[in-house]
Each structure stands twice: as C-alpha cells, then as structure tokens.
Amino acid sequence: WKRTNKFGAIAGMISGGAVVFFWKFVIRTVFAGTVLDIYELLPAFIVGLVVTIVVSLVTKAPDKKIVDEFNEVKNSLKA
C-alpha cells in the first residue's frame, strides 16, 4: 500500500510480534480446546495489518519521492 509510512510499518511489526507471544502463552493457554485455540499467526497478522493502516493514516504521508519510487518499481514489475 503506497500510503504506508515508516511509522505504520514499525508499529505493525511490533504489534504483530507482541500478539504472537500474547496469543501463544495467554489466549491459547486459557482458552485451550475452544474456537480461540488457533495458530497465533492469524490474529497477529490481523492486528499487525490494522495497526499498520491506522498508524499510517494518522501520521504524515510518505514523501512524493517515495511514492514515485513505489510506482516506478510497481510499473517495472508489470513489464
């Protein structure tokens, strides 16, 4: 997503990593055998994605130079 900035990316990685440990050692332990007893990467991905989007939207957008570079690489992959 070309609107993602460094703050959103870092926040998403940290929150997703934290959810992995929290889900594995707290949620799956407490709710063993229930619907919440799922592999921890699914909730970590969802939380990381949501945090990345929210933080990117509430902070400054990437510079035009970065967006142009994103589009250049994207267009070169289509060829």
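Mentor: A term to begin with: buried means under 20% relative accessible area, exposed means over 50%, and partly exposed is in between (1.4 Å probe, protein chains only). This is a predicted model, so local features need pLDDT of at least 70, side-chain atom pairs count only at pLDDT 80 or more, and totals for chains, interfaces and linings use all residues. Residues are numbered from 1 along each chain as its sequence is written, and side-chain values use heavy atoms, with hydrogens and water left out.

Trainee: Is Asp 68 buried, exposed or partly exposed?
Mentor: Partly exposed, because its relative accessible area is 36%.

Trainee: What does Lys 64 form with Asp 68?
Mentor: A salt bridge, with the closest N and O atoms 2.9 Å apart. The term means a side-chain nitrogen of Lys or Arg within 4 Å of a carboxyl oxygen of Asp or Glu. Both residues lie in helix 3 (residues 64–78), four residues apart, about one turn of the helix. Helices are DSSP runs (H or I, at least four residues), numbered from the N terminus.

Trainee: And how many salt bridges are there by this rule?
Mentor: Four. One of them joins the side chains of Arg 28 and Glu 40, at 3.0 Å, N to O. Arg 28 is in helix 1, while Glu 40 is in the loop between helix 1 and helix 2 (41–58), 12 residues apart.

Trainee: Is Glu 40 buried or exposed?
Mentor: Buried, because its relative accessibility is 6%. Arg 28 is partly exposed at 28%.

Trainee: Which residues are linked with them in a network of salt bridges?
Mentor: Asp 37 is linked with Arg 28 and Glu 40.

Methods: Helices (H or I, at least four residues) and strands (E, at least two) are DSSP runs, numbered from the N terminus.
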